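Subject: Structure for your review

Dear colleague,

Please find the sequence and the structure below. My notes on the structure follow them.

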Number of protein chains: 2
Amino acid sequence: MSLVVQKYGGTSVGSIERIKAVAERVVESRKRGNDLVVVVSAMAGETNRLFKLAQELSEMPNPRETDVLVSTGEQVSAALLAIRLEALGYPTVSFLAHQLRIATDSNHGRARIRSVESDRVRRALDDGMIAVVAGYQGVDPAGDITTLGRGASDLTAVALAAALHADLCEIYTDVEGVYTADPNIVPGARKLARISYDEMMEMAGLGAKVLQLRSVELAQRYNVPLVVRSSFSSAEGTWVGQGDRSMEDVLVSGVTLDQNQSKITIAGVEDRPGLAAKIFGPIADAGIVVDMIIQNASADGRTDMTFTVARDELRRALDIVKRVAGEIGAQGVRHEDPVAKVSIVGLGMRTHAGVAATMFRVLSDERINIEMIATSEIKVSVVVNAKYGELAMRALHDAFLGGANTASETV
Amino acid sequence: MSLVVQKYGGTSVGSIERIKAVAERVVESRKRGNDLVVVVSAMAGETNRLFKLAQELSEMPNPRETDVLVSTGEQVSAALLAIRLEALGYPTVSFLAHQLRIATDSNHGRARIRSVESDRVRRALDDGMIAVVAGYQGVDPAGDITTLGRGASDLTAVALAAALHADLCEIYTDVEGVYTADPNIVPGARKLARISYDEMMEMAGLGAKVLQLRSVELAQRYNVPLVVRSSFSSAEGTWVGQGDRSMEDVLVSGVTLDQNQSKITIAGVEDRPGLAAKIFGPIADAGIVVDMIIQNASADGRTDMTFTVARDELRRALDIVKRVAGEIGAQGVRHEDPVAKVSIVGLGMRTHAGVAATMFRVLSDERINIEMIATSEIKVSVVVNAKYGELAMRALHDAFLGGANTASETV
């Protein structure tokens with residue numbers, strides 16, 4: 001008998017009919033003898049509906065109260081699934097974060113999990129019950145409801161799997177697994193049979209929406225085996241776990257495209273020590289995450305500093321940068337919105353040289369100008385003009401994944 | 001400075017625009033220097049929508065999970081109102097039942113309040129904040145969410161007012177107060193300036209929907225002064241409190257009509273001791289509330305037993321009664337669905353004779369046949385054919401409240 005944590009995303013529980021289908025799938029797994037903890041997201045569209053209500057009442061809705069509001073989405077899904085499982089004759093109990101409890105800090109809207117008490121879930125399982133848990137939410141030391149950030153029901157599932165030492169954490173979604181690229185953009189994209197935590201993290205961080213970044217991080221830390229699969233089909237999904245040597249035979253596992261980035265350039269700054277701190281200190285203080293940073297070579301003692309932020313942070317970032325630019329005597333501030341960040345990811349890059357060079361050549365052949373470059377041990381990212389994003393992605397997928405050098409994927 | 005508990009019903013918070021209007025009203029009261037605790041219902045229609053979702057998943061939705069589901073309605077309203085008040089610059093904090101805490105038994109769907117801890121609300125008020133509380137919900141000893149029954153946000157408000165020793169509990173609704181009769185049926189109905197707890201309880205129990213029965217009971221027990229008024233106008237409402245001698249000058253304070261009753265008759269039962277227990281024992285065991293009971297005079301040693309139940313309990317009651325009728329050798333079971341229960345209520349009945357006689361004469365003059373009669377110290381109820389219910393109500397209102405004998409109402 002295995003202990004399995006299943007997580008169903010918003011489209012998987014997006015209607016009464018879908019909830020019935022999820023219940024059938026849970027029952028199937030139960031019939032195979034598994035102990036089951038089922039984490040659910042809000043019904044598709046519900047979280048956005050609730051955020052919209054808040055915004056109609058306030059330009060900057062109070063974060064504590066916004067969490068009280070939006071956490072109801074998962075509460076509704078959890079109750080509905082439990083009602084259905086009970087109706088099918090399977091004793092079930094739902095849990096909210098404060099009941100479990102999933103303890104977090106007090107950063108409303110993006111709280112971090114501090115600990116997960118699994119006693120109540122464990123007792124429910126020992127009593128032969130199915131446990132259904134509302135995803136995305138936590139409770140802070142004062143007993144206030146928090147939320148963990150968009151897509152964080154994955155995180156709830158992984159955290160529970162870690163706390164319960166689950167044998168497997170299944171992430172059910174509306175795609176059949178992790179693909180070499182977004183199939184909506186790259187028709188030749190293929191489902192991967194396996195991918196390493198490291199690669200998955202890079203891909204999640206680079207705009208592949210199939211798994212939330214923090215949840216992969218947590219899965220790696222506690223070595224929780226993940227399977228990403230579709231709740232709409234019985235197809236095998238993608239296994240996410242520790243990488244091994246054989247996975248390094250594959251040069252590139254995936255190509256990602258992030259179209260939610262904006263680029264800001266502070267031009268003509270006097271090049272002296274402490275400059276970066278002056279610029280990025282206030283931005284960090286405002287809680288804005290800066291992604292790529294490039295400082296151009298300085299010729300005349302002045303330099304250009306270019307960086308990217310998420311599109312929805314652009315306005316706030318620009319306000320800060322314009323103020324700072326005045327203080328440090330910069331010649332001007334420019335921005336480009338949106339830009340496209342295209343990345344290739346693969347464990348194989350650790351051991352194979354020349355991957356970046358190939359990437360640049362492919363883009364050059366397509367006459368796509370590279371505006372920024374950033375690399376890590378297992379990925380290369382470039383920023384290009386937004387209108388070339390999809391073309392760049394397809395060209396790179398053709399070059400690295402279109403042929404015979406794709407040992408690890410199955411369709 | 002007064003401590004005021006305000007309660008806003010579903011139509012009062014039924015839309016974003018309505019929530020804005022409620023926030024303005026709360027702010028007005030705050031500006032007058034009041035400490036404020038605001039209890040909210042779910043947005044109009046939301047509770048029904050959630051119940052309907054549950055019923056699409058199960059014929060008999062699990063009660064614990066149904067409470068997890070439907071309690072989200074008040075959670076959403078509370079958060080939205082708090083967000084609005086914060087946006088207007090008034091520090092506000094929302095509370096759910098488990099945060100306060102409002103402790104109940106474990107009877108899901110109709111839990112009874114055992115205790116209300118007011119410390120957290122008190123601290124919030126001391127810190128200069130407005131407290132917004134989700135109505136209708138509680139938490140049981142296991143930490144599970146309960147609900148207190150339909151209309152029970154009134155109860156939440158009164159319980160908090162009692163626990164906090166509030167100076168006033170204002171019940172905001174979509175009518176301007178308590179009327180001598182339902183103005184939709186009786187055009188001449190007038191708003192009462194004052195009404196006693198006893199009269200209000202009779203009227204609430206008899207189908208006047210403006211205040212939930214249990215909340216009036218609780219208000220009386222803890223002597224919480226209530227005001228019922230409209231959130232859509234600035235008109236003075238109706239004050240509900242201890243009755244006094246002057247209120248007894250009014251013979252009849254109100255006329256009510258309950259069209260949600262069904263009548264069941266067990267005919268030709270052998271008249272012997274223990275009969276009533278045989279019939280009503282199993283009905284009580286099934287949790288069905290029987291309202292009026294009449295046993296006709298027995299001539300030939302056989303008798304007819306007639307009683308009323310709520311319409312939505314009719315089917316279950318009939319199943320039980322038919323089984324019992326067979327066991328006790330009754331000659332048959334008849335039912336009438338619906339019937340109309342028309343009642344007159346007034347403290348003055350305690351000290352004035354002949355009120356019931358006048359009532360019967362008025363109905364007789366209208367050629368309305370009385371099928372059942374029940375009386376208490378301050379009310380007389382009759383059951384009549386459903387089609388005469390509204391006519392009976394109007395005739396009785398004309399007779400008792402149409403003229404000069406109505407000292408206590410204002411318009």
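Y136(A) lies in the loop between β6 (130-134) and β7 (137-139) of chain A; helices (H or I, at least four residues) and strands (E, at least two) are DSSP runs, numbered from the N terminus. This is a predicted model, in which local features need pLDDT of at least 70 and side-chain atom pairs count only at pLDDT 80 or more, while totals for chains, interfaces and linings use all residues. Residues are numbered from 1 along each chain as its sequence is written, and chains are lettered from A and ligands numbered from 1 in the order in which they are written.

**Backbone features**

Most residues other than glycine have a negative phi, and most peptide bonds are trans. Y136(A), which is not a glycine, has a positive phi near 80°. Is Y136(A) buried or exposed? Y136(A) is buried, because 29 other C-beta atoms lie within 10 Å. (A residue is buried if 20 or more other C-beta atoms lie within 10 Å of its own, exposed if 12 or fewer, and partly exposed in between; C-beta atoms are placed from the backbone.)

N223(A) is not a glycine either, and its phi is positive at about 55°. This residue, N223(A), is found in the loop between α9 (213-221) and β11 (226-230) of chain A. N223(A) counts as exposed, because it has 10 C-beta neighbours inside 10 Å.

In chain A, the peptide bond between L100(A) and R101(A) is cis, with omega about 5°. R101(A) belongs to the loop between α5 (97-100) and β4 (102-104) of chain A. In chain B, a cis peptide bond leads from L100(B) to R101(B), and its omega is near 10°.

**Helix α11 of chain A**

Helix α11 (residues 314-327) of chain A has 14 residues, which should span 20 Å at 1.5 Å a residue; its end C-alpha atoms are 20 Å apart, so the two values agree. The expected span is 1.5 Å times one less than the number of residues in the helix. Which residues of α11(A) are buried? They are L314(A), A317(A), V321(A) and A325(A). These four residues cover an arc of only 65° around the axis, which means that they lie on the same side of α11(A); the arc is that of the directions from the helix axis to the C-beta atoms. An α-helix has 3.6 residues a turn, so residues three or four places apart point the same way. On the other side of α11(A), the exposed residues are R315(A), D319(A), R323(A), G326(A) and E327(A).

The buried residues of α11(A) are covered by elements of chain A including β13 (254-270), α10 (275-285), β15 (302-310) and β16 (332-345). After α11(A) comes G329(A), with a positive phi near 70°.

Chain A is superposed on chain B by a rotation of 179° with 0.1 Å of shift along its axis (RMSD 0.3 Å). This is the relation of a two-fold axis. Copies are superposed by least squares on the C-alpha atoms of residues with pLDDT of at least 70 in both. T72(A) is the residue of chain A that comes closest to the rotation axis, at 2.9 Å (C-alpha).

The largest nonpolar core has 227 residues, and L81(A) and L81(B) have the most contacts inside it. A nonpolar core is a set of buried Ala, Val, Leu, Ile, Met, Phe, Trp, Tyr and Cys residues joined through C-beta atoms within 7 Å. Among the residues that L81(A) touches are V13(A), I19(A), V38(A) and V132(A), not counting residues up to four places away in sequence; contact requires C-beta atoms, placed from the backbone, within 7 Å.

Yours sincerely

Technical notes. Two residues are in contact if their C-beta atoms, placed from the backbone, lie within 7 Å.
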